[in-house]
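Please open the model in your viewer and keep the selection tool at hand.

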Amino acid sequence: QFGHSKDYRPDLPQVKVMQAVLDPLGMPLATDVVSGERADDPLYVPCIRRVQESLGRHGLLYVGDGKMAARETRACLAAQGDFYLCPLPAVQLAEGELDKALEAVWNGEQALSPVVRERQDGKSELIAEGYDYRVPMSLAVAGALQSWTERRVVVRSVRQAQASERALRARVAKAMAAVEALNQCGRGKKRFEEVSALRQMVVTIVQHYGVEEFLWLRYRQHATPRVVRAYRDRPARIEEDRQATVEVRVDEVALEAAVRRLGWRVYSTNQPREQLSLEQAVLAYRSEYLVERSLGRLKGRPLSLTPMYVQRDEHATGLIRLLSLALRVLTLLEFVGRRRLAVEGTQLTGLYAGNAKRETARPTAERLLEAFQDITLTVIEGPHQTYRHVTALSPLQQRILEILGFSSEVYTKLLAVFSEPP
């Protein structure tokens with residue numbers, strides 16, 4: 001059905017793919033295919049139940065985006081004895097709850113716990129800071145009242161705050177420059193004689209950059225007398241040149257207040273602090289890129305789901321499910337290869353054609369498979385025998401098979417000579 005297209009093709013029917021993947025593999029456990037006009041919120045519970053039935057166990061942590069934060073979804077997971085972790089959108093928070101949580105930090109009433117991650121060079125990096133508090137929850141699930149305690153994790157992302165601040169200050173500077181340019185006179189410059197016309201243009205600029213509350217504006221009307229000489233039957237006279245100008249300044253108090261709120265977000269989880277610390281919660285949510293990466297592989301290279309040249313809905317569903325099986329193979333190959341290299345403490349060289357000496361401890365499945373693209377199998381059928389020849393494996397190919405746990409016999413056994421043609 002037609003729906004919102006993230007590929008900017010609203011003229012084409014859309015299909016929506018819902019996936020649940022296993023962390024840290026990123027391997028799909030469940031894949032649901034629905035029509036494109038369906039809302040996202042109701043899709044989580046059926047997919048979660050399929051995962052529960054497949055694994056046959058509870059007490060697992062389900063990490064999702066803001067659309068998984070629907071109260072019905074959270075209540076369903078709590079009722080099943082599972083745990084959830086997801087960001088809370090503003091509509092899921094009580095009025096003024098975020099302001100109250102931040103005021104406790106700014107007033108010094110609440111200490112922040114740092115979240116540190118080790119970089120590849122071995123140095124520690126502060127990526128976030130925050131604290132948590134508890135909120136009692138209750139909701140009817142399948143006709144029964146379900147009550148549980150939820151932790152609200154208030155977190156400030158350091159990089160997001162810094163990037164958002166730079167973007168905000170850049171927008172303010174651009175808006176100021178554009179407003180001040182309206183006062184310039186000269187050839188090709190529009191001249192505003194009335195304050196109303198100038199104000200309308202300024203409002204358009206300020207709204208375009210979204211900085212209405214950060215700029216202080218003052219409008220002025222100027223009238224400059226100008227002597228006009230007599231000409232023919234027109235007497236000499238004095239006319240007024242009217243010009244409207246605007247003075248613009250930054251409201252530093254409002255800007256600093258907005259900067260102080262940047263980077264903050266509230267997450268919800270029902271897992272106790274003893275089992276899921278604040279640092280673990282932040283790092284677990286930041287691993288959600290595994291889902292996006294899986295969907296990216298499904299849509300783009302190497303599986304190339306789009307564009308879909310199918311006409312019937314069942315064909316589209318079958319194609320997506322078939323490619324999801326291939327996606328499982330890719331994620332398993334990649335995980336096994338990286339785990340073996342991490343255990344050995346070694347790196348793999350020769351994967352990059354432009355730089356044969358480049359080393360990597362985290363090769364992608366696509367790179368590993370590309371190393372075998374020059375393998376050729378030649379089959380010669382004689383009257384009484386069939387001969388096979390396969391390209392000899394290079395040291396890199398043999399090493400890849402080793403870290404994946406395969407034997408080189410998967411290739412050498414293709415060289416068997418048959419006494420009779422197949």
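Select Cys76, which counts as buried at 8% relative accessibility, where buried means under 20% relative accessible area, exposed over 50% and partly exposed in between, with a 1.4 Å probe and protein chains only. This is a predicted model, in which local features need pLDDT of at least 70, side-chain atom pairs count only at pLDDT 80 or more, and totals for chains, interfaces and linings use all residues. Residues are numbered from 1 along each chain as its sequence is written, and side-chain values use heavy atoms, with hydrogens and water left out.

The structure holds zero disulfides, a disulfide being a pair of cysteine sulfur atoms within 2.5 Å. Cys76 is accordingly in no disulfide, and the nearest cysteine sulfur, that of Cys47, is 12 Å away. Select Cys185 next, which is exposed, with a relative accessible area of 54%.

Move on to Leu414, in the segment after helix H12 (409-412); this residue is partly exposed at 33% relative accessible area.

Now zoom out to the whole protein, where there are twelve helices and 14 strands, taken as DSSP runs (helices H or I, at least four residues; strands E, at least two) and numbered from the N terminus. Along its principal axes the C-alpha trace spans about 120 × 65 × 50 Å.
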